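Work through the exercises below with the sequence and the model open beside you. Try each task before reading its solution.

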Amino acid sequence: MNHQGAVVIIDYGSQYTQLIARRVREAGVYSEIHPCNVGIDAIRALAPGAVILSGGPASVGDADSPGLDPQLLSLGVPVLGVCYGMQLLGHALPGGQLAAATDREYGRAELTLTAGSLLWEGLDALAAHTVWMSHGDQVLRAPDGFTVTARTKSVAVAAMADEARRIYAVQFHPEVAHTEEGTRILHNFLFRVAGLKTGWSMASFVETQIAALREKIGGDGVVCALSGGVDSTVVAVMLGRAIGKRLHCIFVDNGVLRQGEGEEVASYLREHFDLNLKYVQASELFLSRLKGVTDPEQKRKIIGHTFIEVFDREAKSIPGVKYLAQGTLYPDVIESVSFKGPSAVIKSHHNVGGLPEKMNLALIEPLRELFKDEVRKVALELGMPDFVIWRHPFPGPGLAIRVLGEVTPERLTILRAADRIVTAELVAADWYRKVWQGFAVLLPLKTVGVMGDGRTYEHVIALRIVDSLDAMTADWSRVPAELLARISSRIINEVKGVNRVVMDISSKPPSTIEWE
Ligand code: XMP
C-alpha cells in the first residue's frame, strides 16, 4: 500500500499507543503503528511524513528495555517523542541526562511554557496548561541542541525541542483527553512542523483495507463467523467487496439469541450484498448441552466449545479455505508489556477463542486497530443501515449469561419478551443510541407480589443500561425516570411470569457490564 506522508508510530508498549493513532486519524492523516523492534528498512520503505515515538512501561536504563534506533532520527522527517519516547531521546542523544524514577508520577499536572516552539502555536504562553502525566524516569538535562520548552512543578524538563532538526519531545501525554491542549499540540506537530496534508478519512480506510485484503488473500478462500453485530457484519461486507464469492459467511444460531437476531441481518446481507451465507440452526444442540448448568463459566465454556465444533464442521465442508476473518476491535486486544516489541493477547472471552488454532487457519482481523465508534463510521461508509450500525453489542454466549441460573426455553422466552420491551422503549424515547448497551437480565429468584386480589410469586427482571466508550469502563446511564417507569410497567403488565423490575446502578469496575 502506498501511503507516502503517513505518520509512523513506533510502539514501545504504552496503553495509549492506539489513542495516538486514533488522534492522528481524527486529524485526517493516515497513521500506522509498528512495534519498536521493526527494522529501519521497513520504516524507510513507507516513506513516512513524520515519526512519533510512543510511551511505554519500561525504564530506559534497564538492561532489557527497548532502545532508540538512531537511524529514525536521520530519515529527514520530524520526530515527536512522547513520555518514554522523550526519555529515549534524552538518553540516546549526546549531552542528555536522565534521572531514574523513585516513584511513578501519575495524573494531572500544570504545564508552564518556558520557551516558544512550533508545538506551542496557539497556546497561551502565560497560562498554566493541564496535562496528563504517567511516567517514572524523567529527563534531567536536555541533549545538545535542544531547548527546554516547558516544565511542571516536579519535572524541570517537561518538554524539549530541537527546532532545527525538527525533533520534539513531551513528557506528558498529548493524546489523552485530560491534556487540555493535547489536540492542538498534536495538530501543531502534524501540520505546522511536519507540514502534512489532511484528507485521509474513513472512506480511504475502507478503500485501502479492501485493497490490502485482496492482495493478502490472493486466490484463497475465507470463512467468517457472522454474529449479527456491527463488527462482524462490517468485516463480512469489506471482505465481500475484496474477494466476492470466495468469502463464506457462517451464521450459527445457538438458541440463545435475542428475538429476531440473526434472521434480520442475514436477510439484509443476502439482499444487499450477494454474499455466500450459510445459516446454521443449532439451537437444540446448544440448549441440550446447557441443560442443568448454572455456573457462568461452565455456560461460557459449553457455548464456546459447541460453537467451535459446529463452525469447524461447517467450515470444513467448504473447499480452499485458508483464512478465518474476525471482527476483533482494539479494545479486545490487550497490549502486553513485552519489551521485545509489544505482542497482542486477545481476551479469551471476547472472540471465538481457540478456533483459529483448532482449524489451522490464519486470522484476518481488519478492524483490530479501530474503536467501536470508528467501526460505526466504517459501516456508514459501506452504506449500511442504522439497524446494523447502531445495534448494541451482544456477547458471544448470548442470553445464556443473562438468564442467571439454568437456561431453559421457558426462561429464555421470558427474558426475550422483557428484552424486546427494553429495546423498544429505549428506541421510542430516543435513548437507544445514547447508551452503550441496554438490556434485561432474568434473576434466579422469585419474589412476592400482588395482582388484582391475589398474591403472586414470580420472576424478577433487572435492567442493565450503561454508558461506555469501549466497554473497558462503564457507568449506569442516567436515563429519565419516566422511561424507567414505562419499561417497568410494560414488562410487569405484558410479560407473563414477571412481577418485579429492578435497576442495576453499579459501575464497571468493580462490577462488569454483564452479570455472568
Ligand atoms: P463485561 O461484562 O466484561 O462486558 O463488562 C464488556 C463488553 O463485552 C461484552 N461481552 C462479550 N462479548 N463475548 C463477546 O463477544 C463474550 O463472551 C462477552 N462477554 C461480555 C459485553 O456485552 C460488553 O459489551
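The exercises that follow treat the overall dimensions, the domains and the nonpolar cores.

This is a predicted model, in which local features need pLDDT of at least 70 and side-chain atom pairs count only at pLDDT 80 or more, while totals for chains, interfaces and linings use all residues. Residues are numbered from 1 along each chain as its sequence is written, and side-chain values use heavy atoms, with hydrogens and water left out.

**Exercise 1.** Compare the radius of gyration of the chain with that of a compact globule.

*Solution.* Begin with the rule, which is 2.2 Å times the number of residues to the power 0.38, the radius being taken over C-alpha atoms.

**Exercise 2.** State which domains the chain has and how far apart the centres of domain 1 and domain 3 lie.

*Solution.* The bounds, which come from an automatic or database domain assignment, are 7-193 for domain 1, 202-389 for domain 2 and 402-503 for domain 3. The C-alpha centres of domain 1 and domain 3 are 48 Å apart.

**Exercise 3.** Describe the largest nonpolar core.

*Solution.* First recall that such a core is a set of buried (under 20% relative accessible area, 1.4 Å probe, protein chains only) Ala, Val, Leu, Ile, Met, Phe, Trp, Tyr and Cys residues joined through side-chain atoms within 4.5 Å. The largest one has 47 residues, and Val223 and Phe311 are among those with the most contacts inside it. This core draws at least three residues from each of domain 2 and domain 3.

Conventions: Buried < 20%, exposed > 50% of the residue type's maximum accessible area, 1.4 Å probe, protein only.
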